[in-house]
Amino acid sequence: YGVVGRAVGSIADFSYSGSLVAVAKIWSPENLNGFLKKPSKYAPGTKMGFAGIKKDTDRANIIAYLQTIK
């Protein structure tokens with residue numbers, strides 16, 4: 001909840017990778033798009049083991065959905 005616009009690495013008791021926090025301060029739609037496209041390229045060294053979402057429309061739909069969840 002409330003991901004879009006939230007500070008990166010702001011959830012207490014979660015072990016974020018330093019590389020992720022170093023590349024973005026806020027989860028803006030643009031930052032989310034870059035991360036969802038290919039996490040390992042967006043934040044080299046990230047702990048995220050997800051390959052990414054190739055289709056622009058799929059990423060846009062996910063981000064639009066995330067914006068509705070407050």
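Aspartate 56 lies in helix α4 of this predicted model. At 52% relative accessibility the residue counts as exposed, because the cut-off for that class is over 50%. Its C-alpha atom is 19 Å from that of threonine 68, which is 12 residues away in sequence. Alanine 60 is also found in helix α4. With a relative accessibility of 42%, alanine 60 counts as partly exposed, since this class covers values between 20% and 50%. Between the C-alpha atoms of alanine 60 and leucine 32 the distance is 9.5 Å, and the two residues are 28 places apart along the sequence.

The secondary structure of the protein chain consists of 4 helices and 0 strands. In sequence order the pattern is α-α-α-α. The radius of gyration of the chain is 12 Å, close to the 11 Å given by the globule rule for 70 residues, so the chain is as compact as a globular protein of that length. The C-alpha trace extends over about 30 × 25 × 15 Å along its principal axes. Of the 70 residues in the protein chain, 30% are buried. Where contacts join residues at least 6 apart in sequence, 36% of them link residues at least 24 apart.

The packing of α2 and α4 was examined next. Two packed helices are described by the angle between their axes and the distance between the axes. Helix α2 comprises residues 29–37 and helix α4 residues 56–68; their axes come within 10 Å and cross at roughly 135°. The crossing of α2 past α4 is right-handed. On the α2 side, the contact is made by Pro29, Leu32, Asn33, Leu36 and Lys37. On the α4 side, the contributing residues are Arg59, Ile62, Ile63, Leu66 and Gln67. By residue class, this contact divides into 6 nonpolar, 2 polar and 2 charged residues. An α-helix has 3.6 residues a turn, so residues three or four places apart point the same way. Leu32 and Leu36 in α2, and Ile62 and Leu66 in α4, are among the residues that make the contact.

Burial within α2 involves Asn31, Leu32, Gly34, Phe35 and Leu36. The cover over these buried residues of α2 includes α1 (18–23), α3 and α4.

Alanine 43 is found in the loop between α3, which spans residues 39–42, and α4. The relative accessible area of alanine 43 is 0%, and the residue is buried, because burial requires a value under 20%. Apart from neighbours within four places in sequence, alanine 43 is in contact with Ser19, Leu20 and Val23. The C-alpha atom of alanine 43 is separated by 8.9 Å from that of alanine 24, which is 19 residues away along the chain.

Aspartate 13 is found in the segment before α1. Its phi angle is near 65°, a positive value in a residue other than glycine. Aspartate 13 is exposed, with a relative accessible area of 85%.

Technical notes. Residues are numbered from 1 along each chain as its sequence is written. This is a predicted model: local features need pLDDT of at least 70, side-chain atom pairs count only at pLDDT 80 or more; totals for chains, interfaces and linings use all residues. Side-chain values use heavy atoms; hydrogens and water are left out. Axes are lines fitted to C-alpha atoms, for helices over the stretch in contact, and angles run from 0 to 180 degrees between N-to-C directions. Helices (H or I, at least four residues) and strands (E, at least two) are DSSP runs, numbered from the N terminus. A crossing is left-handed if the near helix is turned anticlockwise from the far one by less than a right angle, and right-handed if clockwise. Contact means heavy atoms within 4.5 Å. Ala, Val, Leu, Ile, Met, Phe, Trp, Tyr, Cys and Pro count as nonpolar, Asp, Glu, Lys and Arg as charged, and the others, Gly among them, as polar. The radius of gyration is taken over C-alpha atoms; the globule rule is 2.2 Å times the number of residues to the power 0.38. Buried means under 20% relative accessible area, exposed over 50%, partly exposed in between (1.4 Å probe, protein chains only).
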